[in-house]
Amino acid sequence: VHTVTRQLAQFTSVTIGLSVGGLDVKYQESVLRRHPDVVIATPGRLIDHVRNTPSFDLNSIEVLILDEADRMLDEYFAEQMKEIIRQCSPKRQTMLFSATMSDQVRDLAAVSLKKPVKLFLDSNKDVAFNLRQEFVRIRKERECDREAILAALVCRTFKDRAVIFVQTKKQAHRLHVALGLLGIKVAELHGALNQPQRLDSLKRFREEQVDVLVATDVAARGLDIPGVKTVLNFTLPATIEHYIHRVGRTARAGRAGVSVSLAGEGERNLVKTIVRRARRAVKSRVLPADIVAKYRDKLAKLEPEIAAILDEEYADKQLKKMEKQTNKLESAIKNEKTDTPMEAPRQHDWFQTPREKREEKERLALTKHVGKAEKTQKGKGKKRKHDDDDSDDGEKKKKKRQTKHVKDSAEERVRKEMEKVALLQSRMAKRQKKQKRIRAVEDDDERPAQRQKQGKRKKQTNFANDLTDVSKASTKKLRYDANRVQKGKPLQNGKFQKGKAVKGKKGKTFGKPQAPKNTKKKNK
């Protein structure tokens with residue numbers, strides 16, 4: 001969004017600022033102090049700047065735009081958006097944009113906005129008209145072949161400009177490693193990467209340095225990558241709205257595109273919904289059994305190499321963590337020895353305390369970590385133990401460390417992906433069943449007929465109709481009447497002559513023709 005906005009404003013005096021997480025805070029502060037005309041921001045970093053950047057606030061905001069409004073107003077960003085709206089000017093104009101409108105957005109528009117106007121470019125439940133949708137059926141006993149089927153599709157058919165969507169970060173990274181070993185130029189995009197790494201992956205894919213991008217739902221919204229030919233779904237998402245956002249990465253701006261989804265037995269309901277709403281015929285793609293077996297054998301041969309790479313990366317990650325802690329301790333010890341006064345860091349006003357962040361993360365997490373739950377339950381009673389027990393605990397901890405990085409089978413990996421989808425679906429089902437607040441708000445779109453019947457209809461004059469009627473007959477009549485008035489002759493309806501009103505009809509020069517009333521009574 002920031003790049004496109006800068007391109008649009010390059011020949012104008014409009015200044016643009018960027019405020020997103022993962023980039024240099026000092027540079028962003030210097031830009032925001034100049035009070036740019038347009039600020040493009042993510043919620044968390046914007047609140048950080050409002051609270052901690054001098055001479056920057058949202059009191060003078062004239063227009064507040066929420067892109068991907070259904071995502072911005074869900075439970076993950078609810079507290080942050082409340083804080084931003086509270087800081088903004090009450091006289092602002094609010095604009096909500098989204099490819100799919102949810103109930104939360106509809107409720108907000110009905111309650112919070114004044115005289116809201118809805119503009120729909122297309123139905124928010126349909127995919128692009130020039131998108132060809134295909135599905136590959138996965139039998140219940142062949143769920144372990146998903147990776148082999150995906151590898152066959154990418155290596156044989158969809159070799160370039162393809163985006164693969166998966167449900168978890170772990171699976172995304174594994175597919176990135178596996179496809180790389182198969183000779184595919186591939187990049188990854190998910191939540192485990194920092195902001196520079198994400199931008200680098202996008203840049204390489206845009207510049208066609210890599211042919212395939214493996215991503216989670218982080219890339220399902222807000223990304224306009226030109227030239228994407230194919231979208232592949234390793235597993236189907238939880239809802240039809242998520243599916244629309246995913247396949248919307250292709251077939252953009254009138255171009256053609258293809259979406260291929262691997263659908264198991266547990267995903268049949270969503271497939272039926274997609275087929276029912278499709279405007280074009282949905283195709284079924286079948287892969288020969290010998291091709292699937294060939295790529296299954298290839299992945300089985302590469303499995304030791306994949307495991308070795310993942311283990312090496314895990315060890316490197318742990319080593320970096322230990323180095324960071326060691327450097328921190330060394331700097332603290334060095335300052336104590338030299339007795340040099342440390343520079344007092346600037347006090348930072350955080351939107352949430354660490355405890356509030358932790359509680360929110362636990363509340364929104366789909367699964368609870370068993371280790372953390374056990375720690376909180378046991379509490380401080382662990383410290384009082386005998387020396388023998390301490391030695392036993394040391395051995396147990398070593399075993400836990402050794403077995404922490406477990407290698408899952410293909411069935412286990414697919415099962416975890418499907419479990420996450422099921423948990424998302426159950427959470428959304430609970431949210432829909434939850435009773436909504438009763439609000440005394442009239443929606444003009446739902447009851448236009450009742451409003452017309454109840455309100456008194458304003459009497460219309462012929463002046464507006466004559467002025468706006470551009471038909472041939474109306475034009476002739478207007479000229480004919482003007483000529484008669486100039487000559488001093490009465491009009492055909494006998495209403496005025498030389499601009500004078502007729503008796504009994506004072507002040508009215510236009511209107512429906514009426515028969516003259518007989519004043520004399522007829523003799524019987």
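Biologist: Which residues of H8 are buried?
Modeller: Keep in mind that this is a predicted model. H8 covers residues 169–181, 13 residues in total, and reaches 19 Å from its first C-alpha to its last, close to the 18 Å expected. Along that helix, the buried residues are Gln 171, Ala 172, His 173, Arg 174, Leu 175, Val 177, Ala 178 and Leu 179.

Biologist: Where does Thr 216 lie, and which residues does Thr 216 touch?
Modeller: Thr 216 is in the loop between strand E8 (212–215) and strand E9 (230–233). Its relative accessible area is 6%, under the 20% cut-off, so Thr 216 counts as buried. Leaving out residues up to four places away in sequence, Thr 216 touches Phe 165, Val 166, Gln 167, Thr 168, Lys 169, Ala 172, Leu 189, His 190 and Gly 191.

Biologist: On to H7: how many of its residues are buried, and which are they?
Modeller: H7 is mostly covered, with 10 of its 11 residues buried. Those are Arg 146, Glu 147, Ala 148, Ile 149, Leu 150, Ala 151, Ala 152, Leu 153, Val 154 and Cys 155.

Biologist: Are H7 and H12 roughly parallel or roughly perpendicular to each other?
Modeller: H7 (residues 146–156) packs with H12 (residues 289–338) at an angle of about 105°, and their axes are 8 Å apart. An angle from 65 to 115 degrees counts as roughly perpendicular. The two helices, H7 and H12, are therefore roughly perpendicular.

Biologist: Which residues make that contact, and how many of them are nonpolar?
Modeller: From H7 come Glu 147, Ala 148, Ile 149, Ala 151, Ala 152, Cys 155 and Arg 156, while H12 brings Ile 291, Val 292, Tyr 295, Arg 296 and Leu 299. By class, the contact of H7 with H12 has no polar residues and three charged ones, and the nonpolar count is nine.

Biologist: Where is Arg 161, and what is its phi?
Modeller: Arg 161 is placed in the loop between H7 and strand E6 (162–165). At a relative accessible area of 5%, Arg 161 is buried. Most residues other than glycine have a negative phi. Arg 161 has a positive one, near 50°.

Biologist: What about Glu 208, buried or exposed?
Modeller: Glu 208 lies in the loop between helix H9 (195–206) and E8. Glu 208 has a positive phi as well, about 60°, although it is not a glycine. Its relative accessibility is 55%, over the 50% cut-off, so Glu 208 counts as exposed.

Biologist: How far is Gln 197 from Gly 22 in space, C-alpha to C-alpha?
Modeller: Gln 197 lies in helix H9 and, at 39% relative accessibility, counts as partly exposed. Gln 197 and Gly 22 are 175 residues apart in sequence, and their C-alpha to C-alpha distance in space is 9.9 Å.

Biologist: Which residues does Ile 274 touch?
Modeller: Ile 274 has its place in helix H11 (residues 268–277). With a relative accessible area of 3%, Ile 274 is buried. Not counting residues up to four places away in sequence, Ile 274 touches Gln 133, Phe 135, Ile 240 and Tyr 243.

Biologist: How many disulfides does the count come to?
Modeller: Take two cysteines, Cys 88 and Cys 144. Cys 88 is buried, with a relative accessible area of 7%, while Cys 144 counts as partly exposed at 24%. A disulfide needs a pair of cysteine sulfur atoms within 2.5 Å. By this rule the number of disulfides is zero.

Biologist: What follows H19, and with what phi?
Modeller: H19 (residues 472–486) has 15 residues and reaches 22 Å from first C-alpha to last, close to the 21 Å expected. After H19 comes Gly 488, with a positive phi near 80°.

Biologist: Last one, for the whole chain: what percentage of contacts between residues at least 6 apart in sequence join residues at least 24 apart?
Modeller: The chain has 19 helices and 13 strands. Buried residues make up 30% of its 524 residues. Among contacts between residues at least 6 apart in sequence, the share that joins residues at least 24 apart is 72%.

Notes
Residues numbered from 1 in each chain as written. Predicted model: local features only at pLDDT ≥ 70, side-chain atom pairs only at ≥ 80, totals over all residues. Heavy atoms only, no water. Helix = DSSP H or I, 4+ residues; strand = E, 2+ residues; numbered from the N terminus. Expected span 1.5 Å × (residues − 1). Buried < 20%, exposed > 50% of the residue type's maximum accessible area, 1.4 Å probe, protein only. Axes fitted to C-alpha atoms, helices over the stretch in contact; angles between N-to-C directions. Parallel < 35°, antiparallel > 145°, perpendicular 65-115°, else oblique. Contact = heavy atoms within 4.5 Å. Nonpolar A, V, L, I, M, F, W, Y, C, P; charged D, E, K, R; others polar.
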